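Hi,

Here is the model I promised to pass on.

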Amino acid sequence: MNQTSQPKLWLAQQANRFAPALFFIGLVLLWELICRVGKVPNYILPSPSAIITAFFNVEFSRWMIHLWATLRVALMGFVLSIMIAIPLSIGMMRSQLMNRILYPALIVIQSTPVVAVAPLIIVLLGTDDPSRVLITCLITFFPLVVSTTTGMLETPPEMIELSQSLRAPRYRETWQIRIPYAIPHIFSGLRVSITLAIIGAVVAEFVAAEEGLGYFIQFSTSFFKIPQAFAGLIFLSVISLLLFKSVQWIQAWFFPWSLPKKK
Amino acid sequence: MKKALRVSLLASLIASTSAIAADQVTFQLDWLPGGDKAPVYVGIQQGFFAEEDLEVSIASGRGSTDALTKMATGQSDIGSSDISALMAAKAQDDVPVVAVMPYFTQAPHAFFALKSSGISSIKDLKGKKIATSPFTSSNAFLPLVLKENNLTEDDIKLVKSDPGALAPMMITGNTDAIIAWVTNTALFIAQAKEAGKEIVEMPWSDSGLSLYSSSLLASERFLEERPEVAERFIKAFAKAVKFTYENPQTAGEDLHKMVPEVDANIVAAQIKSITGLVFNDVTEQDGFGHFTSERIKQTWQYAAEANGLSQDALDPETAVNSRFFK
């Protein structure tokens, strides 16, 4: 190997390694440039520097209060929807009758725009956490039901036949064969649901809330503080991204065997 | 915010020796906190409610009908909302909410345009493009104010857009004029200044549309079950309204203390720019805090026409209960 090519190679490797970050930084710089050169006013498209300034103009403790309000509702709704979706899928997989009864109802719930129903839920359940958690749950549970059911139905038939020939009880068939086969599907459902949970919490805050990041964004817009609204929006996306990653970490930690084999 | 509220209440409770167990009241805003919503915050911060032995908590709302629903279902006791929305609701359904005290005695609706557009009066809007937000109560009154100026809806080109986008649309020239509340004037001026422009405000109250607007409403259950608490609340609230408009800067700071995201100076500017809605010829003639039958009737005539309701769908007097304001 010759001496001069080594630093070049190293540079190329690093560039390749940090390509996503570099792309992102480039994009932000371009955005800043467009705003400065084009003299775009803040109320149309705030520049990244204006957004960063707006972010630090809000006290850290305020951010934490809003973050906690949103996160609390999102996670409660998410957990509730897991608790509903998984038993429901098991039931629907086991019983044809239950499947026939529930499936249309689920589709109806899923195709009803939650944004339109949200004000009615607030009137029924009040302006506190229960209504916000329900709104979040309504948005998140459908992908979970679908992915769990699909996963359990995709269990190889020969495994089911084998367990039946050994006279295994049905609960063992479910817990030891079908659920493990469904794990990769369940986790892809969870990844979709966790980002939807944040959306659900924000939708709920748009209808009734005194704190939370969704409320903060709406509030900032009502005062035409667009850079501040953007700061809230970006903060929200970062949280969403972190939650998405957390689901992946949980899967890698507890169910490493369920991940696709690395080449 | 709740915590700050409790802390401040605690402080005022300790300060006042008379307070042992204060009466709890939930106040309903019809929108998010802002300059026109300052009085209730001022009442808490200045201790006006504590003096009356009241512990007040505040819930934000998302429009007049949302606030009405929350008062009607008992989620809050008393609050602010547009009286014409209440009248329209009462005409269609027996909503258990009544107006107890006027707040804006003139309508806050207005047209805004850039000075450079050459538009200086409502008559100049003929053939122009006007943007409004989809759910504002102003839309219902638009045909009436146009009629007062010998125009019809066919004479203008009306487009609907998000409330936050209206002023930028006007400044960038996407629309000739916009419809908004004068509560926003201070913000619009600041935004236009950023782009080196000036704006013209054309309040509808100057061109014939004279009626009660935002008012203090209360749930009938609250008034029946705790009449004496309601009376004390209204007394303290009236005091807070007067204090707010006499001391805009202090009011801005009081609101900022409870809602740190709000800029005290902007709130003070908002309060100054809407003083004319709260204190004007009408309040001078009728006295602050008093509804008159005549103006109530007039308000209902406008509300009925604006909402396409028959004039005898409601006896407007049933929407009001003035016994609590002393």
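This is a predicted model: local features need pLDDT of at least 70, side-chain atom pairs count only at pLDDT 80 or more; totals for chains, interfaces and linings use all residues.

Residues are numbered from 1 along each chain as its sequence is written, with chains lettered from A and ligands numbered from 1 in the order in which they are written.

Chain A has 11 helices and zero strands (DSSP runs numbered from the N terminus: helices are H or I, at least four residues; strands are E, at least two). Its radius of gyration, taken over C-alpha atoms, is 24 Å, well over the 18 Å that the globule rule gives for 263 residues, so chain A is more spread out than a compact globule. That rule is 2.2 Å times the number of residues to the power 0.38. The C-alpha atoms fill a box of roughly 75 × 70 × 30 Å along the principal axes.

An unreviewed UniProt entry annotates transmembrane regions in chain A, including 65–90 and 229–255; such annotations may be inferred rather than shown by experiment. Residues 65–90 of chain A are 100% helix, with end C-alpha atoms 38 Å apart. For 229–255 of chain A, the figures are 96% helix and 39 Å.

In chain B, five strands make an open, mixed sheet in the order 7-6-8-5-9 (strands pair if DSSP finds at least two bridges between them). Strands 7 (157–160) and 9 (199–203) of chain B are the edges. Strand 6 (129–132) of chain B runs parallel to strand 7 of chain B over four bridges, and Ile130(B) has Leu158(B) as its bridge partner.

Cheers
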